[in-house]
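Reader: Could you walk me through this structure, starting with the surface and working inwards?

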Amino acid sequence: MLDPRRLAPICVLLALGGGLVACAPATNSTVDRSALGASGYVSYGTIVGMRPVSVQGSRTGLGAGTGAVAGGLVGSTIGGDWRARTVAGVVGALAGGIAGAAVEEGVTRGNAMEFIIRDDDGSTRAVVQTNELGLNVGDRVVITQTDRIRLSRAGGQAPAGYGGYSGAYGGGGYGGPVDARGGK
């Protein structure tokens, strides 16, 4: 039969690992729930420069707290009498807290790109985001400004409801939105 004191550390470590996966950074295509239904601005531009940047990991205390609890539980299963288990639990909590904070920072650390964009109106701006779209210098981009600024590749077909449009989306010849009666 399985001894619960031997099974507890394994369960704690699995729970700790699952909790830290939830701390992983979101991609650029993930939006916050508060952004639903929010109005924003759209403009167009061209990438004129880009460079890789490192995104610093966060230390919210979640990793340290989870690690301390896990370390304390694992440590408290070591030793024969209650004094030895108490000391091992305290040492385990301290070690687990330090390790949990380091793991949280490592899991939330990442790489991104700083894009220098020349807007169609002639202004220049810098945007830092991940580059899962594989954007490069010279690419035309759509700049969406809602809860944060996002870049996406300009091109493709116009969205439904944008009648009188000829050409790629964001590529000139924009006819503007059409109202419910079909007029402009």
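Predicted model: local features only at pLDDT ≥ 70, side-chain atom pairs only at ≥ 80, totals over all residues.

Reader: What percentage of the 184 residues in the protein is buried?
Author: A residue counts as buried when its relative accessible area is under 20%. Across the 184 residues of the protein, the buried share is 27%.

Reader: How do helix α2 and helix α3 pack, parallel or antiparallel?
Author: Two packed helices are described by the angle between their axes and the distance between the axes. Here α2 covers residues 62-75 and α3 covers residues 82-108, with axes 6 Å apart and an angle of about 150°. Angles over 145 degrees count as roughly antiparallel. Therefore α2 is, relative to α3, roughly antiparallel.

Reader: Which residues of α3 meet α2, and what is the handedness of the crossing?
Author: On the α2 side, the residues involved are Leu 62, Gly 63, Ala 64, Gly 67, Ala 68, Gly 71, Gly 72 and Gly 75. They meet Arg 85, Ala 88, Gly 89, Gly 92, Ala 93, Gly 96, Gly 97, Gly 100, Ala 101 and Glu 104 in α3. The crossing of the two helices, α2 and α3, is right-handed.

Reader: Turning to the inside, which element gives the most to the largest nonpolar core?
Author: The largest nonpolar core holds nine residues: Ile 47, Met 113, Phe 115, Ile 117, Val 127, Leu 135, Val 141, Ile 143 and Leu 151. Two or more of these residues come from each of β2 (110-119) and β4 (140-145). The element that gives the most, with three residues, is β2.

Reader: Is Ile 143 buried or exposed?
Author: Ile 143 is found in strand β4. Its contacts beyond four places in sequence include Tyr 41, Val 42, Ser 43, Ile 117, Arg 125 and Leu 151. Because its relative accessible area is 0%, Ile 143 is buried.

Reader: How far is the C-alpha atom of Ile 143 from that of Tyr 44?
Author: Along the chain, Ile 143 and Tyr 44 are 99 residues apart. Tyr 44 is also one of the residues in contact with Ile 143. Their C-alpha atoms are separated by 5.7 Å.

Reader: What about Glu 114, buried or exposed?
Author: Glu 114 is found in strand β2, and it is in contact with Gly 49, Met 50, Arg 51, Val 53, Ala 126, Val 127 and Val 128, leaving aside neighbours within four places in sequence. From Met 50 it is 64 residues away in sequence, yet 5.4 Å in space, C-alpha to C-alpha. With the cut-off for buried at under 20%, its 18% relative accessibility means that Glu 114 counts as buried.

Reader: And Asn 111, buried or exposed?
Author: Asn 111 also lies in strand β2. Not counting residues up to four places away in sequence, it touches Val 53, Ser 54, Val 55 and Thr 130. The cut-off for exposed is over 50%, so at a relative accessible area of 63% Asn 111 is exposed.

Reader: How far apart in space are Asp 32 and Arg 148?
Author: Asp 32 is found in the loop between α1 (4-21) and β1 (41-55). Its relative accessible area is 45%, so Asp 32 is partly exposed. Asp 32 and Arg 148 are 116 residues apart in sequence, and their C-alpha to C-alpha distance is 9.8 Å.

How values were computed: Residues numbered from 1 in each chain as written. Heavy atoms only, no water. Core = buried A, V, L, I, M, F, W, Y, C linked by side-chain atoms within 4.5 Å. Buried < 20%, exposed > 50% of the residue type's maximum accessible area, 1.4 Å probe, protein only. Helix = DSSP H or I, 4+ residues; strand = E, 2+ residues; numbered from the N terminus. Contact = heavy atoms within 4.5 Å. Axes fitted to C-alpha atoms, helices over the stretch in contact; angles between N-to-C directions. Parallel < 35°, antiparallel > 145°, perpendicular 65-115°, else oblique. Left-handed = near helix turned anticlockwise from the far one by under 90°.
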